[in-house]
Amino acid sequence: MRTAAIARALFAARFGADPTGTWSAPGRVNLIGEHTDYNDGFVLPSAIQHRTHVALAPRADGVLRVRVASTFDDATVDVGLDELDALFPARRDDVPEWARYPLGVAWALLAASATDPSTVTGVDLAFASDVPVGAGLSSSAAIESATAVALADAWGIDLDRVALAKVGRRAENEAVGAPTGIMDQMASLLGRADAAIFLDCRSLEAQVIDLGFAGAGLELVVIDTGVKHSHATGGYGERRAACERGAAALGVPALRDVSVDDLPRLAELVDEVTFRRVRHVVTEDQRVLDTVRTLREQGPTAIGDLLVASHASMRDDFEISVPELDTAVEAALAAGAVGARMTGGGFGGAAIALVAHDLVRAVTDAATAAFAAAGFAAPTVFTVTPSAGAARD
Ligand code: GAF
């Protein structure tokens with residue numbers, strides 16, 4: 001059964017009625033620009049074909065509550081619209097973790113639009129998703145963005161896509177407790193077929209960049225290591241704090257304002273680890289700009305070295321790779337990939353490889369063999385297609 005049909009069937013089973021419609025939003029891969037978003041820098045993600053669908057109907061009983069159900073969990077969670085303000089962020093632990101995403105979006109959407117909860121209808125929502133969870137493909141942004149477009153329609157809230165992305169980020173930051181940036185929500189809401197979104201995370205200006213993978217005979221391969229990560233714990237927040245220390249030492253608002261030429265001066269001001277964290281972000285911003293220029297001037301077969309340099313920077317300077325990700329990248333390159341790098345926040349998740357169509361099998365086999373040789377559990381390898389963003393189905 002297709003995922004939208006699963007969401008509809010779940011809705012009928014849990015709520016005993018048919019939904020008025022389904023909405024959906026995609027996961028994403030990031031081509032390049034990692035941990036640059038919360039430094040006001042540049043990113044280049046694409047939405048992918050894997051989507052989270054939500055079936056929705058206004059409640060027929062006039063009760064001002066939001067009920068959420070999902071294939072992730074047997075529990076149906078039911079919260080009064082007037083309780084959301086008390087729940088988030090202070091009492092978020094009172095709701096199951098997955099439900100913090102949609103309920104957090106309901107809360108942040110009402111706040112962003114200055115909507116009095118007593119003036120909207122109660123709603124029932126049922127979710128189903130084929131975005132791999134914990135793979136670094138933004139299953140969280142997919143659920144947030146699907147919820148945001150569905151509730152905005154149901155409640156007649158007229159916010160543009162950037163405002164909806166901010167709603168999703170606020171839900172993730174405050175209702176879930178993950179101190180993430182805005183890249184994933186922007187990718188999920190603004191994605192286009194066969195394109196990447198070149199986003200300036202300071203101005204939030206987004207440009208659609210044609211990728212031309214198919215014309216160049218290239219496929220984008222995802223190697224999901226199966227190593228699960230969470231951005232609500234540990235490493236992600238520590239990296240963010242190091243970036244803030246670096247910006248403060250240089251007296252700038254964000255690392256976006258630091259250039260490669262400033263790095264020698266920074267070396268005098270901060271410890272060696274903070275220096276390397278900053279060097280990753282500053283050089284990564286430059287690699288995003290170089291990738292966009294290279295795509296425009298030479299096409300996708302010419303971006304391989306930038307992807308490889310990005311991975312090395314995350315492995316050595318930002319230290320967010322894991323042995324499984326390094327193995328995936330090395331195996332893909334050895335089997336002839338144009339370029340490869342880990343994608344997303346790191347500490348697990350997936351690598352991407354840009355691969356000539358004829359070599360996809362060889363890259364898949366090479367990654368699988370390298371994982372077996374290293375004693376790692378087998379990776380899941382599949383191709384992704386740059387796809388359209390959130391919409392009513
Ligand atoms: C995660 C976060 F959600 C994004 O905001 C971004 O920081 C990314 O990690 C790293 O580039 O996906």
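**Helix packing and neighbours**

A: Start with Ser 140, which is found in helix α4. Helices and strands here are DSSP runs numbered from the N terminus (H or I, at least four residues, for helices; E, at least two, for strands). Numbering of residues runs from 1 along each chain as its sequence is written. The model is predicted: local features need pLDDT of at least 70, side-chain atom pairs count only at pLDDT 80 or more, and totals for chains, interfaces and linings use all residues.

Q: Where does UniProt place the feature "binding site"?
A: At Ser 140 and Glu 172, from an unreviewed entry. They are spread over 33 residues of sequence, yet they cluster in space, with a largest C-alpha distance of 7.9 Å. UniProt positions use the numbering here, feature names are shortened, and annotations may be inferred rather than shown by experiment.

Q: At what angle do α4 and α5 cross?
A: Roughly 125 degrees, for α4 (residues 139-155) and α5 (residues 161-176), and their axes come within 9 Å. Axes are lines fitted to C-alpha atoms, for helices over the stretch in contact, and angles run from 0 to 180 degrees between N-to-C directions. The two helices are therefore oblique to each other. Angles under 35 degrees count as roughly parallel, over 145 as roughly antiparallel, 65 to 115 as roughly perpendicular, and the rest as oblique.

Q: Which residues of α4 and α5 meet?
A: On the α4 side, Ser 140, Ala 141, Glu 144, Ser 145, Ala 148, Val 149 and Ala 152. On the α5 side, Leu 164, Val 167, Gly 168, Ala 171 and Glu 172. Contact needs C-beta atoms, placed from the backbone, within 7 Å. The contact of α4 with α5 divides into seven nonpolar, three polar and two charged residues. Ala, Val, Leu, Ile, Met, Phe, Trp, Tyr, Cys and Pro count as nonpolar, Asp, Glu, Lys and Arg as charged, and the others, Gly among them, as polar.

Q: How does α3 pack on α5?
A: α3 (residues 97-112) packs with α5 at about 125 degrees, axes 8 Å apart. That makes α3 oblique to α5. Their contact has 12 nonpolar, two polar and four charged residues. Among the α3 residues that meet α5 are Tyr 101, Leu 103 and Trp 107.

Q: And α6, at what angle does that pack with α5?
A: About 135 degrees, with axes 8 Å apart; α6 covers residues 183-190. α5 and α6 are therefore oblique too. Arg 161, Leu 164, Ala 165, Gly 168 and Arg 169 in α5 meet Gln 185, Met 186, Leu 189 and Leu 190 in α6.

Q: Switching topic. How many residues surround the ligand?
A: 13, and the closest are Glu 34, Thr 180, Gly 181, Met 183 and Gly 345. The shell has two nonpolar, eight polar and three charged residues.

Q: Which peptide bond is cis?
A: The one from Phe 88 to Pro 89, with omega near -5 degrees. Pro 89 is in the loop between α2 (84-87) and α3.

Q: What about phi of His 35?
A: Near 60 degrees, a positive value in a residue other than glycine. His 35 is in the loop between β1 (21-30) and β2 (42-43). Most residues other than glycine have a negative phi, and most peptide bonds are trans.

Terms used: A residue is near a molecule or strand if its C-beta atom, placed from the backbone, lies within 6 Å of it. Two residues are in contact if their C-beta atoms, placed from the backbone, lie within 7 Å.
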